[in-house]
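Please keep the structure open while you read.

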Amino acid sequence: MRNHTLLNEFILRGIPQTEGLEAVLCAVFSFIYLFTLLGNLLILVAIVSSSTLHTPMYFFLGLLSIFDILFPSVTCPKMLLYLSGQSPVISYKGCASQLFFYHLLGSAEGCLYSVMSYDRFVAICHPLRYMLIMKPGVCVSLVVVAGLVGCLHATILTSFDFQLSYCGPNQVDYFFCDIPAVLPLACTDSALAQRVGSINVGFLALTLLISVCICYTRTGIAVLRIHSAEGRQKTFSTCSAHLIAILCAYGPVIIIYLKSTPNPLLGAMVQILNNIVSPMLNSLIYSLRNKEVQRSLKRVFRNVLLTVCE
């Protein structure tokens, strides 16, 4: 990556049209961020500590919890710092790193959603062959591919954005370094970088969304064939939770990256939903309401209390 810039830092101007609300936003986002970390850590503890949860589905849910800890941690700590009155300055390398890891983790999590939809498809449509198809080696391979796709995606976007010259204004009119906020600051023509970003994000999002739709269409057909009403309800509950989380993930992509001139405030609100709120909701939607996870957590807390009391 070639660095032609004369700037060595940027200034994050924060969430558009929220002047004077910094203290309130700092309190709200601090609570959401801490709740996100705690909820996803509890899910990891529950999955690791219970041998009954050492299955492909919970392996992927555990990875989702790790992503939901890391993903908001790319942008939230810096945002909370300047909302609390600290310096809004971010270094050039820090800005590039923020953009890289945001798209790395975001796209890898999108791939993980597709893997999870395939896992549910196999579990419901081929239950007798489930453990044979979703062997540990296959699960690990799918996760490695998701990580490689995310890394390639983020490398392309970051390379095209930060090979441009940034020699003029350094105020990023947003709460973190992202493509729509950084590219307008370039001194050279950014049309190619904008085009590559839109095509790259659009192609990846569309491919993953189609794969999810195919898996869940076939899964839905299989669910309708289940004779037991209780079985249909349990299966539908699991699949609907997954679909809600997917809508929260792909909605912001469509609004932010595929729309040429999104409203600044609307874009920021949707990004906050994607960056901060969605990882918190995932811990509730997916796992904390799951009875097996709840039972595992109760056993963990009971063992901790017994150890303390002894």
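1. Is D119 buried or exposed? D119 is buried, with a relative accessible area of 2%. Here buried means under 20% relative accessible area, exposed over 50%, and partly exposed in between, with a 1.4 Å probe and protein chains only. The side chain of D119 meets that of R120 in a salt bridge, at 3.0 Å from N to O. R120 also counts as buried, because its relative accessible area is 14%. A salt bridge is a side-chain nitrogen of Lys or Arg within 4 Å of a carboxyl oxygen of Asp or Glu, and by this rule the count comes to 1.

2. A word on the ground rules. This is a predicted model, in which local features need pLDDT of at least 70 and side-chain atom pairs count only at pLDDT 80 or more, while totals for chains, interfaces and linings use all residues. Residues are numbered from 1 along each chain as its sequence is written, and side-chain values use heavy atoms, with hydrogens and water left out.

3. Now the overall picture. The protein has 10 helices and 3 strands, in the order β-α-α-β-α-α-α-β-α-α-α-α-α along the sequence. Helices (H or I, at least four residues) and strands (E, at least two) are DSSP runs, numbered from the N terminus. Of its 310 residues, 49% count as buried. Among contacts (heavy atoms within 4.5 Å) between residues at least 6 apart in sequence, 81% join residues at least 24 apart.

4. Next, the surface. The accessible surface comes to about 15700 Å², and 69% of that belongs to carbon and sulfur atoms; such areas come from the Shrake-Rupley method with a 1.4 Å probe, and for residues only the protein chains shown count as cover. F59, V140, V144 and L148 make a nonpolar patch of about 350 Å². Patches consist of residues with over 30% relative accessible area and no salt bridge, joining like charges within 9 Å and nonpolar side chains (Val, Leu, Ile, Met, Phe, Trp, Tyr) within 5 Å. Helix α5 gives the most to the nonpolar patch, with 3 residues. V144 lies in α5 and is partly exposed, at 45% relative accessible area.

5. K291, R295, K298, R299 and R302 form a positive surface patch. Lys and Arg count as positive and Asp and Glu as negative, with His and the chain ends not counted; each charge is placed at NZ of Lys, CZ of Arg, CG of Asp or CD of Glu. R299 sits in helix α10, residues 291-309, and counts as partly exposed because its relative accessibility is 36%.

6. Where is N170? You will find N170 in the loop between α5 (136-162) and β3 (171-172). N170 is buried, with a relative accessible area of 19%. Leaving aside residues up to four places away in sequence, N170 touches L7, E9, F10, I11 and L185.

7. Q17, in the loop between β1 (9-12) and α1 (22-49), has a positive phi of about 60° although it is not a glycine. Q17 is exposed, with a relative accessible area of 54%. S51 is in the loop between α1 and α2 (56-83) and is exposed, at 59%. S51 and S296 are 245 residues apart in sequence, while their C-alpha atoms are 9.5 Å apart in space.
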